[in-house]
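Subject: Structure handover

Hello,

I am handing over the structure we spoke about, and my notes on it follow below. Please read them with the model open beside you.

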Amino acid sequence: MMSSNYLVSVLENHCFYVKSEICLHGKVIHNRFKLDTGCAYSTIPFRVLYNVSHNTALQYKQIAITSNLKFQRSYGVSDTEQTKQRDKELIADHRLLECSALKFIHKNIPMVLNGYALMHDIAVNYDRTSNILIGMDILKDFDFHCGKSEENGKYIFLGCLKEKINQDYFDTLYQHFGYKKV
C-alpha cells in the first residue's frame, strides 16, 4: 500500500514501521523507521541510520559541533540522574563530543516514508544505537487515523500532512474507516 498522496502503514508486531528514504550529510539512505505516537520528539540515531562505527559517527558529530548546529539533551527511561548531571557538566565544559545525550537539529531534511514525501527538521544523535523514531514533533503536522481497516481487516495508520490534505486522502479514509468529509 504505497501512495504519494498520503502515508499508510500496516501494524506489524504492535508497531507501525515505514520504509524510509532520507537525505542527510549529502547522502541518500534507505532504512526502516518506526512511527511512534508515544514519542514526544523524533530521534535519528546516526549509527543505526548509516550502519557505521562509533568512531565514524563521532567524525560527523564533530562536523555538527563545528557547524554550530543547535542541540538539545535527550534521555531514555534507563538514564540516571548521575548521567544527566555528568552531561550538564560536559556541556558546561564545552566537551560536547563526549556527551552522548546530545541530539543535533538538522533543518528541512527531505524524506520519503512509505512513498510519502515530506520535509521536516530532524534531531540526530551520533552516539546512540536505539530505534529510529518518528514522534509527535513530526506527526503533529499530520491529520492521521489508526484503526481496523474495513477494506482489509488489518490495523493501519493512515495520515496526510495537514497542509497537503487532498481528495485522494479523503477517499482512502472513507475506503478504510468509513469517514466522510463534512
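At 0% relative accessibility, F104 counts as buried, where buried means under 20% relative accessible area, exposed means over 50%, and partly exposed lies in between (1.4 Å probe, protein chains only). Please keep in mind that this is a predicted model, in which local features need pLDDT of at least 70 and side-chain atom pairs count only at pLDDT 80 or more, while totals for chains, interfaces and linings use all residues. Residues are numbered from 1 along each chain as its sequence is written, and side-chain values use heavy atoms, with hydrogens and water left out.

F104 forms a tilted aromatic pair with F71, at 5.8 Å centre to centre and with 55° between the planes. Rings of Phe, Tyr and Trp (its six-membered ring) pair if their centres lie within 6.5 Å, and planes under 30 degrees apart count as stacked, over 60 as edge-to-face and the rest as tilted. Because F71 lies in strand β5 (residues 71-73) and F104 in strand β6 (residues 102-113), the pair ties together parts that are 33 residues apart in sequence; helices (H or I, at least four residues) and strands (E, at least two) are DSSP runs, numbered from the N terminus. F71 itself is partly exposed, with a relative accessible area of 30%.

The structure holds 12 aromatic pairs, and another of them is the tilted pair of F46 and Y126, with 4.9 Å between centres and 40° between the planes. This pair links distant parts of the chain, since F46 is in helix α1 (residues 46-50) and Y126 is in the loop between β7 (116-125) and β8 (133-134), 80 residues apart. F46 is buried, at 1% relative accessible area, and Y126 is buried as well, at 0%. F46, Y50, Y60, F71, F104 and Y126 form one aromatic cluster.

D168 is found in α5 (residues 167-177) and is partly exposed, at 29% relative accessibility. The C-alpha atoms of D168 and S4 are separated by 9.8 Å, although these residues are 164 apart along the chain. After α5 comes G178, whose phi is positive, near 80°.

Best wishes
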